[in-house]
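Please look at the sequence and the model before reading on.

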Amino acid sequence: MKISKIKFQNFRIYKGENEIKFSSNSNKNINIIAGKNGFGKTTFLTSLIWVFYGKMMAEVEEKYKRDIKNAGGYDKFIKTLLNRDVKTEFENNNHKAPILSIELELTDILIPSIPCKSVLIKRSYDLQKDEEDLVIFIDGLENELTKEVGFEVFINDFILPREIAKFFFFDAEKIVSLAEAKSKSELRNLSKAYSEVLGIKKYEDLKKNLETLLTKLRRDGANKTQQSKLFDLTNNEAELVELIEYNKDQQTKLEVEISSIKTSIDSIQEKLIREGNGITLEELQSMKAERERLKNESAEIKNKLKKLLDLVPIVMAGNKLLQLKNQLEGEQKIKNSVIDKDALKSELEAYTRSVLNKLEIINIDKKFKIDIQQILDETIIEKISNLKIDSSGKILLDFNEEQYRNFIAVFDNIKGTFASQFNAVVQEEKNNRIYLSKVYHQIKQAEARKDNPLAVKLRNEKQALETKMDNLNIDKGKLIQEYDSYSTRLTSTRKVLSELEKQFKLVETDKKKYEVTENLLVKINQLIQKIKENKKYTLQKSIMFGLKKIMHKNDFIFDVRVNVVDDVMDIDLLDKNNNLIDKDSLSKGEQQLYATALLKALVDESGIKFPVFIDSPLQKFDKYHSKNIIKEFYPAISEQVVLFPLLEKELSELEYDYLKPNVNKVFVIESKNNGSCFKSLLVDQLFSHLKEEQNVYAN
């Protein structure tokens, strides 16, 4: 499956109508869409999520869920997708209502029971009517199947399930969330996506349907008294479910309000900073970005320091360590001298026997032979007695050769590189702390002008908003407590309900249905477990294969272990000693490499042929890993790959040269008339176009 064209109409920064076309080339699968920050690379990805999933886009990624929540719901969020200039012109001049739309055409698509060449999906929004519309055409015509199942269901079931869309549309810098998932809820959410990708979800859905059928059959067998109790319990269950849903809605509203107040507080804080020292907005943003960078750098330095601190107790015992080394060296000398003495004696005795055997052959005189033997024996005794043996020490530790070599390796590391590494990291941490303190101090100084009336007014507003936010957080806490109480009661009610259902006597006609369903449920559970076990091993192999391809430290991650417990799937990384590697100890670049290998494995195992869109490629990678990603990952992950790089930062000219043999088409996003548009370039023109543009601005 490939995307042949995408047409934008008034979608955020893409003012008016803009179209981009991708050509089909089986030998070259990579397309480049380059642009500066703020020109619309991330907006491009958002448009794809919206055209496929509409209001269900909140289920694709936490980011969209948060954006919709912050906007005050999907109905308000959709208005934020409309180009601002177009919206303002409509509101001020009462022009014809603008249409917001994304139109996308898919080719090389295989839909069961429907032979077709192309599928066109168009989602639009009419501001005046305040209506969203979705249409799907197969080979240019409407199709009964799409109408029958519903357009949204058709996209989800036949094009790309929304649960796994995050693995095909992603920000390469943010996929480290795959490596950072730790809590039960995070792992459970990821497991749902894994299940969908690995083809397990359809069996789990079937299992749920069978369980629902069993419940229905059991309840049909209740007598009148039991029916009354059942009615009360199911009513209670339904009420608690409604209360929980209402509680969730209230929490969501509070979170939206808290987020809105926080935005206002941040805005006032920015005004206060500008009042304090007259800095520009750009300088403020730069200062905040620097603060975040230093904070992230501080976390990475602390991880490095933590690893080095593990060796500090050994380093502190320096004299004892030296004594241990001298003792081991002395023991090795004693062992070697004993071995040398025994070896020499054996060698000389063997030589004597050889000489005497040869004298036998030539029939030498017996007396003469005895004299020769005596001379040889005396010589051996003399040689052995003259051999010096180191008896100055005693064997206390008795290390074997391998243990001795391992100790010497550790000793040499501590004596040689440890001090310089430790001092470098300590100095790095000290410098980072100084710079970070300086940035914090600059921000703090920004509020220095307390006598400024405007600053006083802003500070009072900020304090009032902070008080309001504190109160809302208290209300939210109460709702969370209430939610926990409802959840506990619901669990208890369902337990009582389950016990009651065990007492029901099945209707005679339902007994056979119940037995068949129960047998099917046992088999489906066994099948799910078997599939999970099989997928577990293939996924382990795929992840490990991907890591070996893209990591230049071959012995860093020695093995991968996939754990499946109930409905949670987790992935462990192991070192050469089979010890667990803490993913938090990995640098951001290493986490991104792991997440990249995991993503590639999931896409491969899914068997889903869908284009992959990657924002911010190569953001955290050094030049060695970038080369591996370019040569091993991008050409193999999908038949169509679209990259959104920031040139010279996320993709250098040298890296582009590595990529070029697999590049199909190149586009740049340009800013014209307060909006963005696409310009197609030849593959060889990308960086020459960038240099021309830089020269224009330089002049």
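## Helix contact and salt bridges

Helix H1 (residues 41-53) packs against helix H6 (residues 151-159) at an angle of about 115°, and their axes are 8 Å apart. H1 is therefore roughly perpendicular to H6; angles of 65 to 115 degrees count as roughly perpendicular, those under 35 as roughly parallel, those over 145 as roughly antiparallel and the rest as oblique. Axes are lines fitted to C-alpha atoms, for helices over the stretch in contact, and angles run from 0 to 180 degrees between N-to-C directions. Helices (H or I, at least four residues) and strands (E, at least two) are DSSP runs, numbered from the N terminus.

The structure is a predicted model, in which local features need pLDDT of at least 70 and side-chain atom pairs count only at pLDDT 80 or more, while totals for chains, interfaces and linings use all residues. Residues are numbered from 1 along each chain as its sequence is written, and side-chain values use heavy atoms, with hydrogens and water left out.

Which residues make the contact of H1 with H6? On H1 they are Val 51, Phe 52 and Tyr 53, and on H6 they are Glu 152, Ile 155, Asn 156 and Ile 159; contact means heavy atoms within 4.5 Å. Five of these residues are nonpolar, one is polar and one is charged. Ala, Val, Leu, Ile, Met, Phe, Trp, Tyr, Cys and Pro count as nonpolar, Asp, Glu, Lys and Arg as charged, and the others, Gly among them, as polar.

Side chains of opposite charge can pair when their charged atoms come close. A salt bridge is a side-chain nitrogen of Lys or Arg within 4 Å of a carboxyl oxygen of Asp or Glu.

| Salt bridge | Closest N and O atoms |
|---|---|
| Lys 2 with Asp 108 | 3.4 Å |
| Glu 297 with Arg 293 | 2.8 Å |
| Asp 657 with Lys 660 | 3.3 Å |

Lys 2 lies in strand E1 (residues 2-11) and Asp 108 in the loop between strand E4 (99-107) and strand E5 (118-126), so the pair links distant parts of the chain, 106 residues apart. Lys 2 is buried, with a relative accessible area of 11%, whereas Asp 108 is partly exposed at 46%. Buried means under 20% relative accessible area, exposed over 50%, and partly exposed in between (1.4 Å probe, protein chains only). Lys 2 and Asp 108 also belong to a network of salt bridges with Glu 639.

Glu 297 and Arg 293 both lie in helix H11 (residues 281-309), four residues apart, about one turn of the helix.
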